[in-house]
Amino acid sequence: YHLDTNLYLSVVAALVHASIEEQDRQDDSIDTRFRTDLGFGGAVTFGKEWWVDDEWGIGGAATAQVSRIADQDQVTWHNGTFGILFSATWN
C-alpha cells in the first residue's frame, strides 16, 4: 500500500552548553562571563511538501526547539524557540 502524503517528522535530542560574555562600555578590559553546565535540549519539526511539477515542489513546516541548562550558580535557564519554515525542492 502506497500513501503519497509527503509528510515528514524530525526529532533531535542534544546536549547543550551556553556561555555569555559581557563587557563594560566604559572599560573594555572588564568582562563578566557566565558559563553553564551541560544540559538537555531538543527539536521537533513537522512538515509537508507538495509537488508542483514533475521536478520541483514547495513545502512548509513548523519547528520547536527547547533546552534546559543550569549555570554556575545553579540557576536553571530555559530556552524555547518556535518557527515556521518554507522550502523548495528540485529533483
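**View 1. The pairing at Phe40 and Arg68.** Phe40 has Arg68 as its bridge partner in E5. The model shown here and in the other views is predicted. Arg68 in turn stands opposite His78 in E6. Strand E5 spans residues 56-70, and strand E6 spans residues 76-90. The strands E5 and E6 run antiparallel and are joined by 15 bridges.

**View 2. The turn between E5 and E6.** E5 and E6 form a hairpin, with five residues between the two strands. Gln74 belongs to this turn and has a positive phi of about 60°.

**View 3. The pairing of E4 with E5.** Strand E4 covers residues 39-51. E4 pairs with E5 in the antiparallel sense, over twelve bridges. A hairpin of four residues leads from E4 to E5. At Lys48, the residue standing opposite in E5 is Gly60.

**View 4. Leu7 in strand E1.** Leu7 is found in E1, which comprises residues 7-16. E1 is paired with E4 in the antiparallel sense, and ten bridges link the two strands. Which residue of E4 is the bridge partner of Leu7? The partner is Lys48, and Lys48 also stands opposite Gly60 in E5. With residues up to four places away in sequence set aside, Leu7 touches Phe46, Gly47 and Lys48. Leu7 has a relative accessible area of 47% and is therefore partly exposed, as this class lies between the limits of 20% and 50%. From Leu7 to Thr45 the C-alpha to C-alpha distance is 11 Å, and the two residues are 38 residues apart in sequence.

**View 5. Thr89 in strand E6.** Thr89 lies in E6, the strand that is joined to E5 by 15 bridges. When neighbours within four places in sequence are left aside, Thr89 is in contact with Glu49, Trp51, Glu55, Trp56 and Gly57. Is Thr89 buried or partly exposed? Its relative accessibility is 25%, so Thr89 counts as partly exposed; buried would require a value under 20%. Thr89 and Val52 are separated by 37 residues in sequence, and their C-alpha atoms are 9.8 Å apart in space.

**View 6. The whole chain, for orientation.** The chain contains six strands and zero helices, and its pattern along the sequence reads β-β-β-β-β-β. The C-alpha atoms fill a box of roughly 60 × 30 × 15 Å along the principal axes. The radius of gyration of the chain is 20 Å, whereas a compact globule of 91 residues would have one near 12 Å. Among contacts with a separation of 6 or more, 52% are between residues 24 or more positions apart.

**View 7. Surface and charge of the chain.** Of the 91 residues, 16% count as buried. The chain has an accessible surface of about 7,400 Å², and carbon and sulfur atoms contribute 56% of this area. There are 5 positive and 14 negative side chains. The centres of these two sets lie 6 Å apart.

Key. Residues are numbered from 1 along each chain as its sequence is written. This is a predicted model: local features need pLDDT of at least 70, side-chain atom pairs count only at pLDDT 80 or more; totals for chains, interfaces and linings use all residues. Side-chain values use heavy atoms; hydrogens and water are left out. The radius of gyration is taken over C-alpha atoms; the globule rule is 2.2 Å times the number of residues to the power 0.38. Buried means under 20% relative accessible area, exposed over 50%, partly exposed in between (1.4 Å probe, protein chains only). Contact means heavy atoms within 4.5 Å. Accessible areas come from the Shrake-Rupley method with a 1.4 Å probe; for residues, only the protein chains shown count as cover. Lys and Arg count as positive and Asp and Glu as negative; His and the chain ends are not counted. The place of a charge is taken as NZ of Lys, CZ of Arg, CG of Asp or CD of Glu. Two strands pair if DSSP finds at least two bridges between them.
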